[in-house]
Amino acid sequence: MKTALVLSGGGARAAYQVGVLKALAEIVPKTEHNPFQIICGTSAGAINAAKIATEADNFHQAVIGLEDIWGNLTSARIHQVDYFTVFKSMIKIFASFFHSGIANDKPLSLFDNRPLAYLLKRSINMSRLNTMIAKDHLHALSINALGYTSGQNIAFFQGHSSIKTWSKTRRLGLRAELQLKHLMASTAIPAVFPSVRINREYFGDGAVRQSAPLSVPLKMGADKIMVIGVSGNITGIERLHTEHSPSIAQVFGNMLNSAFIDAMDEDLSILERFNRISACISEQQQKQIGVRPIDILVIEPSVKFDVLAAEYEVHLPKSMRFLLSIVGANKKGSGGSLASYVLFEKAYCKALIDIGYQDAMTQIDEIKQFMVMT
């Protein structure tokens with residue numbers, strides 16, 4: 001049985017996943033290697049996935065490394081935060097309107113994320129993947145990215161030779177020698193971070209147009225899937241009286257929610273329906289119609305990220321606070337969703353790690369049962 005770990009995107013929200021993984025590390029005996037044979041990451045989740053995969057021979061040490069990264073994070077370690085660089089980027093974007101919205105040199109973006117590239121290069125050794133796969137500590141790692149020219153969401157994967165490439169509408173699975181550029185492409189939030197050229201095309205955030213995120217681990221042979229989400233979906237949404245039109249932050253925040261959250265929620269719903277169908281038919285009928293039961297465990301946040309982010313915005317650099325204020329992301333309940341994605345500050349990230357740990361511990365019995373069956 002192959003167990004897959006799926007880590008969705010969400011910018012700074014991905015710190016929540018580290019808390020869940022920290023709880024898992026307490027359950028898995030230290031004598032055991034990585035409990036997940038297939039690891040799939042998208043956007044910021046790709047960073048966590050790559051760290052776990054490249055250190056699949058020492059799951060506990062990998063989780064400690066992730067906690068060290070996120071627990072000491074600052075915006076300056078992700079992108080340049082000085083006023084000059086921010087305003088220079090804004091002017092560059094405005095100037096591009098006079099030549100068809102195309103940049104003359106580097107790809108257009110609000111922030112320069114070269115510090116992130118340095119952090120990832122220092123923290124994650126992508127060259128270890130071949131060794132992990134050869135020693136059977138890992139079956140495959142996949143990282144999603146969106147091709148801006150083709151409009152296709154591509155799952156770049158490195159794994160066992162038995163895994164075949166696949167092609168669906170707007171979705172491809174391509175074998176690749178995964179490198180730092182794949183991580184940078186997958187984390188390139190549209191307009192926020194620059195796109196990355198891979199071979200003949202520029203790529204951006206892997207959560208965009210990722211219509212079926214759970215199809216990737218299934219294509220690579222997963223029998224069981226653990227999903228660590230970042231939706232923060234709480235039942236009983238309150239519809240407040242609206243006094244003014246939505247701010248740019250509200251609009252962009254909802255666009256990010258659509259990219260990072262909606263596809264995963266819908267895919268989980270579809271998989272649950274297929275599981276119910278599988279339970280009602282014989283194994284022969286399952287083979288005939290191409291369905292099989294998939295054991296799935298989902299761990300989701302118990303808090304609203306936008307509300308939590310409003311409490312920690314004060315930790316952002318002044319340039320970031322100013323930028324968020326002019327687009328309307330500094331008011332609680334108004335544009336906090338956008339802030340929750342870009343709040344790369346250790347106080348906020350540590351809070352998310354703690355919440356992730358607590359949420360996982362509340363599902364401790366389910367997790368233990370899921371891990372025992374692995």
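This is a predicted model: local features need pLDDT of at least 70, side-chain atom pairs count only at pLDDT 80 or more; totals for chains, interfaces and linings use all residues.
How many of the five residues of strand β2 (residues 38–42) are buried?

1. **Strand β2 and its burial.** Five of the five residues of strand β2 are buried, so the strand is largely enclosed by the rest of the structure. In a regular strand the side chains alternate between the two faces of the sheet. In β2, Ile38, Cys40 and Thr42 point one way while Ile39 and Gly41 point the other way, and the residues of both sets are buried. Cys40 counts as buried because its relative accessibility is 5%, which falls under the 20% limit.

2. **The neighbours of β2.** Strand β1 (residues 3–7) runs parallel to β2 and is joined to it by four bridges, with Leu7 standing opposite Gly41 of β2. Strand β3 (residues 140–147) also pairs with β2 in the parallel sense, over five bridges, and here Thr42 stands opposite Asn144 of β3.

3. **Helix α3.** Helix α3 covers residues 59–71, and at 1.5 Å a residue its 13 residues should span 18 Å; the C-alpha atoms at its ends are 18 Å apart, which agrees. Its buried residues are Phe59, His60, Ala62, Val63, Gly65, Leu66, Ile69, Trp70 and Gly71. An α-helix has 3.6 residues a turn, so residues three or four places apart point the same way. Among the elements that cover the buried residues of α3 are α1 (15–27), α2 (44–54), α5 (114–123) and α14 (346–362).

4. **Cysteines.** A disulfide is a covalent bond between the sulfur atoms of two cysteines. When the whole structure is searched, zero disulfides are found. As for the setting of individual cysteines, Cys40 is buried at 5% relative accessibility, whereas Cys280 counts as exposed because its relative accessibility is 67%.

5. **Aromatic pairs.** A pair of aromatic rings is described by the distance of the centres and the angle of the planes. The count of such pairs in this model comes to six. One of them, Phe156 with Phe203, is edge-to-face, with 5.4 Å from centre to centre and 75° between the planes. Phe156 belongs to strand β4 (residues 153–159) and Phe203 to strand β8 (residues 201–205), so this pair ties together parts that are 47 residues apart in sequence. Phe156 and Phe203 are both buried. The pair of Tyr312 and Tyr348 is tilted, because the ring centres are 6.0 Å apart and the planes stand at 55°. This pair also links distant parts of the chain, since Tyr312 lies in helix α11 (residues 305–312) and Tyr348 in helix α14, 36 residues apart. Tyr348 has a relative accessible area of 0% and is therefore buried.

6. **The chain as a whole.** The chain has 15 helices and 10 strands, and of its 374 residues 55% count as buried. Among contacts between residues at least 6 apart in sequence, 75% join residues at least 24 apart.

7. Pro115 is found in helix α5, and its C-alpha atom is 7.1 Å from that of Ala76, although Pro115 and Ala76 are 39 residues apart in sequence. When neighbours within four places in sequence are left aside, Pro115 is in contact with Ala76, Arg77, Ile78, His79 and Gln80. Ile91, in helix α4 (residues 83–96), is exposed, with a relative accessible area of 57%. Ile91 and Leu110 are 19 residues apart in sequence, and 9.6 Å separates their C-alpha atoms.

8. **Backbone angles that deserve a look.** Most residues other than glycine have a negative phi, and most peptide bonds are trans. Asn199 has a positive phi of about 60° although it is not a glycine; Asn199 is found in the loop between β7 (196–198) and β8 and is exposed, with a relative accessible area of 61%. Arg209, likewise a residue other than glycine, has a positive phi near 60°. The place of Arg209 is in the loop between β8 and α8 (215–219), and Arg209 counts as partly exposed because its relative accessibility is 46%.

Definitions and conventions. Residues are numbered from 1 along each chain as its sequence is written. Side-chain values use heavy atoms; hydrogens and water are left out. Helices (H or I, at least four residues) and strands (E, at least two) are DSSP runs, numbered from the N terminus. The expected span of a helix is 1.5 Å times one less than its number of residues. Buried means under 20% relative accessible area, exposed over 50%, partly exposed in between (1.4 Å probe, protein chains only). Contact means heavy atoms within 4.5 Å. Two strands pair if DSSP finds at least two bridges between them. A disulfide is a pair of cysteine sulfur atoms within 2.5 Å. Rings of Phe, Tyr and Trp (its six-membered ring) pair if their centres lie within 6.5 Å; planes under 30 degrees apart count as stacked, over 60 as edge-to-face and the rest as tilted.
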